[in-house]
Amino acid sequence: MRLRSRGLLTASAVLAVLSIGIPTPAAAAPPTPAAAFVNPIAQQRADPHIHKHTDGFYYYTATVPAYDRIVLRRATTLQGLSTAPETTIWTKHADGDMGAHIWAPEIHFIDGKWYVYFAAAPTDDPWAIRPYVLESSAANPLTGAWSEKGRISLPLNTFSLDATTFVHNGTRYLSWAQADPAVGDGTGIYIARMSNPWTISGSPARIASPTHAWETRGHRVNEGPAFISKGDKVFMTFSASATDSNYCLGLLTADRTADLLNPASWVKKPTPVFTSNTATSQYGPGHNSFTVSEDGASDIMVYHSRTYRDINGDPLNDPNRQTRMQKLYWNSDGTPNFGIPVAEGPTPVRFSSFNFPDRYIRHSGLRARVEANVTDLADSQFRIVTDLADSQFRIVSGLAGNGTVSLESANFPGHYLRHKGFEVWLERNDGSSLFSGDASFHRRPGLADASAGLSFESFNYPGRYLRHYDSLLQLQPVNSALDRADATYSAT
C-alpha cells in the first residue's frame, strides 16, 4: 500500500518514510547530469575518435570516404565539434607504403606528445592493410608538424587495423584487429603491452574471435576495439559483421585486477549490445570510441551509423556513415547500458525520481511509470528490443505551443507522454488539438528542489503535475511535501 503523509513533512522525513516501504537498492549508482547533443556531429565521417585534452579542447578525427587523408577538428565542447573547422594534417603517399586505404585514425596524447594511430596499405597491394603511427610534439596538433613513426611491427604479418591504445593499472596496451589464417577467415581482437607509443613488447594475445551468428553476417568480423573501465570491471567494445546494416557492437568484460593478456580473463557477452534500429532510422552503428562530458560526470559514446538500411554494392564504397554521440549509461550492477542509436536531432534524456533516485520515468505496455533497473535485452534477431530507451525521452517544443514542452519517446518516435483520465500513457500523436493539449506541459523548477530538479505542469489542467503514485505516473494536484517530491525529477 502507498505510504501517505498526514500533514506537512520535512524533506528528510518524507525520504525516511518512503524508504521504509520501498528501499533503494544499495548497488544503484547515483544519477549523473544529462548530457544532450544534436546528431549527427559530422556527415560522411566514419570510425570516429575523440580525445578530451588538458588544454580544454576536444580533439576529433575520423575516416573520410576517400580514404586518402587524416583530418582533425577541435572545440571546447563536444557539440562544438559539429561546426569546428577541419584541418588535414597528413595525406597518403603517392605510391608505396601508406598509399591506400587510410582508415580509422585515433588521436592520443602520450608522454607530452601527440600520436595518431591509423591503418594504411601500399598502393600496389591495397588490401595489405597494417597499422601505422604519426607523432607531433606541437602544443596544437592541428597546426604542428607531424612525423611518421612508421608501421607497428606485429608478429603476424597479416591484414591488421583499428589500433587503439590505453593505460590500465599503470601499463600501456595496444589493441587491434587482425586476421590469422590459422584461426580461420575474418579478424579477431588482439592485445599486447607497449614499450613505447609505436612498439609492442612481448607476445600478443587474441582475446576475441567471431563465433556467434551476429558476428558473422556478411563477413566474420571482430574489429574496432575501444576500452573503458568502471568500478571493479574493465570493458572492451568491438564491432562485428559486415559494415552494412548488420554492423553492431559486442562487449568483452574482465576483472580490473585480471591479467588482460590472458584470453581467459575476458568474457564475451553472447548477444550484441548496440544494433540497427528501424524506429530511429539508424543502421549499422559501430566502430565506437569513448570520451567524457565537459563536466567530467558522464561517459559519452561516439560512433557512426547510416540513416538508411539498403546499400547498392560494397558498403565500404558508400560514403554516408555519420559521426554521432550519445550518453553511455550504467546499470546498477556496474555494467554499461548502451541503449539504442537514437534518432536524428536532439538526444533524449532520462528523468530520475527526486525521492527514489534509482527510479526513472519509463513506459511499459505504453503505461507511464517510475521503475528501477531498466536493462537491455536482445531478440532472436539480435536487435535491442527493450532497454533503457524505454526510459528516454526527448524534450521537444510543446505540441500546444505557448512556451510548453512535450516528451517524445526515444524508441517510439512520434509517441508522446499524454494524460488520459489523469493517467499518463505513451501514445502516437493523432494530430488533434485534444492530444496536443494533453501532451503539453509547462516546464517548471522542481517543486521539491528548484535548484536541482524540474517539474511538469499540465498545459490544459493548470495546477496538476506529472507525479508518481504507486509507481504509476499520474496527473495530480500537489499540496503536500510528499506530493511535491513525487512531482520532481532530475534530467540525467
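**Close-up views of a predicted model**

**View 1. The β10-β11 hairpin in the predicted model.** Two residues separate β10 from β11 in this hairpin. N169, in the turn, has a positive phi of about 50°. The two strands pair in the antiparallel sense, over seven bridges. T164 has S175 in β11 as its bridge partner. Of the nine residues of β10, eight are buried, so the strand is largely enclosed by the rest of the structure.

**View 2. The open sheet with the order β10-β11-β12-β13.** The pairing in this sheet of four strands is antiparallel. Because β10 and β13 stand at the edges with a single partner strand each, one side of each has no neighbour in the sheet. From one strand to the next, the twist averages 25°. β11 and β12 run antiparallel and are joined by eight bridges. D180 has G184 in β12 as its bridge partner.

**View 3. The largest nonpolar core, with 28 residues.** I191, L260 and W266 have the most contacts inside this core. Elements giving two or more residues to the core include β6 (100-110), β7 (113-121), β10 (160-168), β11 (171-180), β12 (184-196) and β13 (199-208). β15 (233-240) and β16 (248-255) are also among them. The most comes from β15, which gives four residues.

**View 4. Surroundings of I191.** Leaving aside neighbours within four places in sequence, I191 is in contact with F166, Y173, L174, S175, W176, P204, A205, I207, L260 and L261. Another core, of 18 residues, lies apart from the largest one; I361, L417, L473 and Y489 are among its residues.

Key: Residues are numbered from 1 along each chain as its sequence is written. This is a predicted model: local features need pLDDT of at least 70, side-chain atom pairs count only at pLDDT 80 or more; totals for chains, interfaces and linings use all residues. Side-chain values use heavy atoms; hydrogens and water are left out. A nonpolar core is a set of buried Ala, Val, Leu, Ile, Met, Phe, Trp, Tyr and Cys residues joined through side-chain atoms within 4.5 Å. Buried means under 20% relative accessible area, exposed over 50%, partly exposed in between (1.4 Å probe, protein chains only). Contact means heavy atoms within 4.5 Å. Two strands pair if DSSP finds at least two bridges between them. Axes are lines fitted to C-alpha atoms, for helices over the stretch in contact, and angles run from 0 to 180 degrees between N-to-C directions.
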